[in-house]
Amino acid sequence: MSDNTPKEQNSIPTSKVQRSAKFVKTGFKVGGNYIKHYSKKLFNPDMDKTELNEDNAADIYESLSELKGSALKVAQMLSMDKNLLPQAYTDKFSQSQYNAPPLSGPLIVQTFKKYFGKTPDKIYDKFNVRSSNAASIGQVHQAELNGKKLAVKIQYPGVGDSISSDLKLVKPFAFRLLGMSEKELDIYMKEVEERLLEETDYELEVRRSIEFSTACAGLDNVVFPKYYPELSSKRIITMDWLEGKHLREFLQTNPSQELRNKIGQALWDFYNFQQHELRAVHADPHPGNFMITSENKLGIIDFGCIKEMPEDFYYPFFSLTSTGLMENKEETIKAFRQLEMIHVNDSPKQIEFYYTMYRQMIGLFAKPYITDHFDFGQTAFFDELYGFGEKVSKMPEFKQARGVKHFIYVNRTNFGLYNILHELKAEVKTDTFKPHVTLEFAAS
Amino acid sequence: MATIESIQKAYIDFVLTQGEQPKSVYIFAKKIKMTEEEFYRFFGSFDALEQNLWTGFAVKTIAEIKTQEVWSQYSAREKALSFFYSFFELLKSSRSFVVYSIKKQPKTFATPQVFQGLKDLFENFCNDLIVEGLESNELSERKFFSNRYKDALWVQLVFVLNFWINDNSAGFEKTDEAIEKGINVTFDLFQRSPIDNLLEYGRFLAKHGGIKQSMGFGSN
């Protein structure tokens with residue numbers, strides 16, 4: 001394995017340099033806020049830090065929303081503005097890796113001693129103290145044991161804490177900015193915090209990696225590294241070193257259409273098998289998590305972020321992707337109600353409005369599912385998608401929270417997948433793992 | 001037969017269960033079934049015993065880190081980091097005693113007696129790695145200041161000790177962060193940095209009398 005490209009690099013279509021520059025600017029501003037705070041405090045010692053925190057959050061948030069690219073716009077689509085927020089957080093945390101200095105050699109040794117009681121050179125035959133890559137919340141080292149090349153991921157200390165405290169910092173500001181009530185937004189915030197905190201639990205990640213790679217072992221052209229639970233702990237993961245090219249590097253080699261389709265198909269199958277058969281999905285489809293091996297297979301690393309889909313979300317949502325249900329207005333509205341896209345106390349006029357808009361939106365999203373194959377290379381589909389997202393994000397009706405919390409990660413997953421397939425310009429068979437649908441819902 | 005270790009162990013057990021030093025060497029010696037005279041053969045006082053414990057932590061730490069394979073590849077900065085991490089890892093097994101020993105010290109600027117041995121040993125250790133760092137140009141040679149680098153590291157150690165005894169985080173992760181950040185900042189300052197340029201600029205200005213006068217602090 002390896003995360004050669006820094007984690008978030010490709011999920012937002014801006015260059016890394018620009019993005020870093022953005023954050024340097026924010027750093028200055030935040031620094032400025034501290035100066036402002038302490039100079040004010042000179043004259044008014046009673047002043048507390050509320051204003052400072054607000055200033056910081058405002059600047060952090062501002063730079064985050066400036067960073068949003070098309071990926072973000074698409075993700076916004078279904079759940080509207082509330083999605084912008086979690087996405088911004090996620091970006092921020094992945095982004096922080098650019099600012100985090102690499103762990104010092106002694107700290108790595110210390111981490112091993114803490115969890116295994118031994119130094120790394122006593123555990124592996126060879127261990128490179130200099131890290132080869134940065135991962136989102138840690139760094140990756142190369143090691144060797146019994147002639148096998150290994151990747152060892154080590155987490156930065158204190159990451160979990162900073163996630164919770166950063167979320168708290170930006171929260172009050174976000175309420176105001178999005179004009180949502182704390183109660184409305186809290187559900188979504190909790191969802192994001194939960195997922196982010198799960199990502200810091202490496203023991204859980206190892207368990208899931210093994211589970212998922214076993215469950216997906218039957219898929220064509222997909223490979224996983226082997227994980228070593230006995231050499232992993234809360235802050236350390238040991239797995240096989242996966243040799244291969246990252247998506248960007250792979251695309252630079254000008255792969256044939258046939259090869260693009262093969263990789264694209266593997267990706268499509270991997271995601272749809274999980275969604276429709278496992279009902280839990282690798283919810284971090286960004287290019288850094290995939291490698292193309294020398295045998296032209298898709299290597300998948302990093303199962304840190306898994307989204308489980310409960311039945312009461314899965315059925316109404318994916319049933320909407322079938323034309324059978326969408327033709328039936330009454331049942332469609334029932335599904336929308338179950339997904340809280342239409343609320344109980346909406347007026348008939350509102351019901352009509354949201355029905356029309358969401359129907360159009362989901363119709364767009366479901367396009368690849370309607371036919372048995374789909375060409376993700378065509379730009380028309382994506383233009384339509386972005387255009388619609390843009391339009392909707394400007395509508396005042398979508399300023400409030402709608403849709404169940406599960407949308408956040410399910411959207412991120414599917415639009416992330418669409419985006420990668422678009423970059424690959426792949427044509428894939430979309431009927432390999434079809435959604436399970438019901439055409440009628442019990443009245444709720 | 002009593003040994004340094006067995007007496008120290010009994011002493012730690014005593015202070016932790018009683019919450020204070022034994023009232024006299026006589027009482028303590030009696031409790032561990034030895035004569036007072038025998039006790040004095042090892043230590044002159046309870047403070048000397050505690051001092052020896054603290055020095056022992058550092059001796060063990062230094063011996064331990066030097067056996068690590070990577071030691072020889074480490075820069076001065078990494079050697080210092082390595083000491084800090086291993087030192088606090090070692091202290092973990094005696095945390096209660098450490099907290100007791102630190103908390104009973106009077107809050108003064110002078111180094112308390114029980115830390116003197118640790119301080120001397122630590123400064124020696126730092127001196128070696130500072131000299132090494134200066135030779136390899138990792139650190140910047142500055143008149144007067146480079147002799148004081150070791151003091152800065154001692155201040156760090158005292159700071160982290162106090163941080164650690166108040167650290168409630170799981171696995172003392174916060175202390176790890178404090179070490180990583182603190183030592184890095186300290187060594188950043190030891191390196192060639194804007195400070196050197198500032199000093200040089202000051203020297204340049206001082207040498208050019210004309211400017212001195214026009215700045216209004218000429219001496220004549």
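This is a predicted model: local features need pLDDT of at least 70, side-chain atom pairs count only at pLDDT 80 or more; totals for chains, interfaces and linings use all residues.
Two residues are in contact if their C-beta atoms, placed from the backbone, lie within 7 Å.

Residues are numbered from 1 along each chain as its sequence is written, while chains are lettered from A and ligands numbered from 1 in the order in which they are written.

Take Ile7(B). This residue sits in helix 1 of chain B, residues 4-18. Helices here are DSSP runs of H or I with at least four residues, strands are runs of E with at least two, and both are numbered from the N terminus. Leaving out residues up to four places away in sequence, Ile7(B) touches Ala2(B), Phe39(B) and Phe42(B). Is Ile7(B) buried or exposed? It is buried, because 21 other C-beta atoms lie within 10 Å. The cut-offs are 20 or more such atoms within 10 Å for buried, 12 or fewer for exposed, and partly exposed in between, with C-beta atoms placed from the backbone.

Now the domains of chain B. The assignment gives domain 1 (1-44) and domain 2 (45-203); such bounds come from an automatic or database assignment. Their centres, taken over C-alpha atoms, are 30 Å apart. Across the boundary, 8 residues of domain 1 of chain B are in contact with 9 residues of domain 2 of chain B. The domain 1 side of that contact divides into 5 nonpolar, 3 polar and no charged residues. Nonpolar means Ala, Val, Leu, Ile, Met, Phe, Trp, Tyr, Cys and Pro; charged means Asp, Glu, Lys and Arg; the others, Gly among them, are polar.

Next, cores. A nonpolar core is a set of buried Ala, Val, Leu, Ile, Met, Phe, Trp, Tyr and Cys residues joined through C-beta atoms within 7 Å. The largest has 61 residues, and Val152(A), Ala80(B), Leu81(B) and Phe84(B) have the most contacts inside it. Helix 5 of chain B (residues 76-91) gives the most to this core, 9 residues. Both domains of chain B contribute residues, so the core lies between them. Apart from this core lies another of 54 residues, including Val410(A) and Leu424(A).

Over to chain A, which has 18 helices and 13 strands. Of its 444 residues, 43% count as buried. Helix 18 of chain A covers residues 407-424, and at 1.5 Å a residue its 18 residues should span 26 Å; the end C-alpha atoms are 25 Å apart, which agrees. The expected span is 1.5 Å times one less than the number of residues. In this helix 18 of chain A, 16 of the 18 residues are buried. Lys425(A) follows helix 18 of chain A and has a positive phi, near 50°.

For strands, pairing requires at least two bridges found by DSSP. Strand 3 (residues 138-145) of chain A pairs with strand 1 (residues 126-127) of chain A in the antiparallel sense over 2 bridges. Strand 3 of chain A also pairs with strand 4 (residues 148-155) of chain A, again antiparallel, over 8 bridges. Their hairpin has 2 residues between the strands, and Asn146(A) there takes a positive phi near 50°.

Last, where the chains meet: 13 residues of chain A are in contact with 15 residues of chain B. On the chain A side, helix 5 (residues 105-116) of chain A supplies the largest share, 7 residues.
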